[in-house]
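I opened the model today and kept notes as I went. The entries follow the order in which I looked things up.

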Amino acid sequence: MPHRPLSVLSCALLALAAGCATVAPSSDRVPRLLTADQLRAAAVTDGDLGHGYSVTLMAPGRQTAQGADRQTSDVAACQPVLDAMAPGKAASGPIAETDLGVALAADPAGSVYAGLLAFEPGRAADIQGELDRVLAQCGSFTSTARSAGPAGGKGAVVRTRHRLSRIDTPTPEGADGASAFTLTNESDATSLVQRALLARAGTVLAVFTTVGAGGNPAPAPDQGLVQAQVAKLREAQQQ
């Protein structure tokens, strides 16, 4: 299965994690809708993070293999998990999205992919509230897809086994809720572990993911990055 960051589209988040911790925003934190330009401006930069971090903004969906089929789950309720891993192939999306990659000089294996997704007021909270309902159904499932072939054509059919597990996590300061989980993907040729932290800040969901390949565990997303990004999202919605 190709490596795709968990850049998340609206319907995809319905099945990604369980055990959300929520904190009600205070009355002076009335979030507002962010436009695409405002969301992009709210993404962290090298300057926000300081020495040792390198941030690259990415076009949504550019990690999706051209010519590859959408992965189809054998458990219908788990399909959003796969859609979350394939930007541009899910049934619907947020009103704005910004994706970025963050490299850590001190820990190259700890590089983080982040998806920032803006929704209509109330929708982000609704999505996070629905996450609890899926883990029991999606603890283990399989999927089928056809890989990309030569010159953009279709290749062989690939069957992948998936395991989804919740991780207890505290809610970052300034966020309204958080969830963390791992998704393990195994096929005949590869084994890939993805770890994600989803943080909700007002009308925006931020998903931070890392990858462990070759049997290595995926590290927890860098907390300095998570905290800085949540703070920028909160500030952008209070202006």
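**Entry 1: helix H5**

I began with helix H5, which has 16 residues. I took the span from its first C-alpha to its last and got 23 Å, close to the 22 Å expected at 1.5 Å a residue. This is a predicted model, so I checked confidence next. H5, residues 223-238, has the highest confidence in the chain, at a mean of 95.

Which residues of H5 are buried? I listed Leu225, Val226, Ala228, Gln229, Val230, Lys232, Leu233, Arg234, Ala236 and Gln237. The list includes Lys232 and Arg234. I then looked for what covers them. The cover includes two helices, H1 (36-41) and H2 (46-49). It also includes strands E4 (96-104), E5 (112-118), E9 (191-201) and E10 (204-213).

I also looked at the start of H5. There, a side-chain oxygen of Asp222 comes to within 3.1 Å of the backbone nitrogen of Gly224.

**Entry 2: confidence along the chain**

I went back to the whole chain. Its average pLDDT is 77, and 73% of the residues score at least 70. Confidence is lowest in strand E1, residues 21-22, at a mean of 36. One is residues 61-67, which has 17 contacts in the model beyond near neighbours in sequence. Another is residues 87-92, with 18 such contacts. I will read both stretches with their scores in mind.

**Entry 3: the chain as a whole**

I counted elements. The chain has five helices and ten strands. Of its 239 residues, 49% are buried. I looked at contacts with a separation of 6 or more, and 67% of them join residues 24 or more positions apart. The accessible surface comes to about 10,300 Å². Carbon and sulfur atoms hold 52% of that surface.

**Entry 4: the disulfide**

How many disulfides does the chain have? I found one. It joins Cys78 to Cys138, with the sulfurs 2.2 Å apart. The angle about the S-S bond is -110°, and the link is left-handed.

I then placed the two ends. Cys78 lies in the loop between strand E3 (72-73) and helix H3 (79-84). Cys138 lies in the loop between helix H4 (123-130) and strand E6 (140-148). The pair therefore ties together parts that are 60 residues apart in sequence. Are these cysteines buried or exposed? Both Cys78 and Cys138 are buried.

**Entry 5: Ser143**

I stayed with strand E6, where Ser143 sits. Its relative accessible area is 1%, so Ser143 counts as buried. I looked for a polar partner. The side chain of Ser143 makes a polar contact of 3.2 Å with the side chain of Gln71. I also listed what Ser143 touches, leaving out residues up to four places away in sequence. The list is Gln71, Thr72, Ser73, Leu82, Val158, Arg159, Thr160 and His162.

I returned to helix H1, which holds Gln38. Gln38 has a relative accessible area of 28%, so I noted this residue as partly exposed. Setting aside neighbours within four places in sequence, Gln38 contacts Arg32 and Leu33.

Thr203 is in the loop between E9 and E10. Its relative accessibility is 2%, so Thr203 counts as buried. The Thr203 side chain reaches the backbone oxygen of Arg32 at 3.1 Å.

Phe119 is in the loop between E5 and H4. Phe119 counts as buried at 2% relative accessibility.

**Entry 6: Asp107**

My last stop was the loop between E4 and E5, where I found Asp107. At 33% relative accessibility, Asp107 is partly exposed. I took the C-alpha separation from Asp107 to Tyr53 and got 10.0 Å. These two residues are 54 apart along the chain.

Key: Residues are numbered from 1 along each chain as its sequence is written. This is a predicted model: local features need pLDDT of at least 70, side-chain atom pairs count only at pLDDT 80 or more; totals for chains, interfaces and linings use all residues. Side-chain values use heavy atoms; hydrogens and water are left out. pLDDT is the predictor's confidence in each residue, from 0 to 100. Helices (H or I, at least four residues) and strands (E, at least two) are DSSP runs, numbered from the N terminus. Contact means heavy atoms within 4.5 Å. The expected span of a helix is 1.5 Å times one less than its number of residues. Buried means under 20% relative accessible area, exposed over 50%, partly exposed in between (1.4 Å probe, protein chains only). A polar contact is a pair of N or O atoms within 3.5 Å; within protein, one must be able to donate a hydrogen and the other to accept it, and residues adjacent in sequence count only if both atoms are side-chain atoms. Accessible areas come from the Shrake-Rupley method with a 1.4 Å probe; for residues, only the protein chains shown count as cover. A disulfide is a pair of cysteine sulfur atoms within 2.5 Å.
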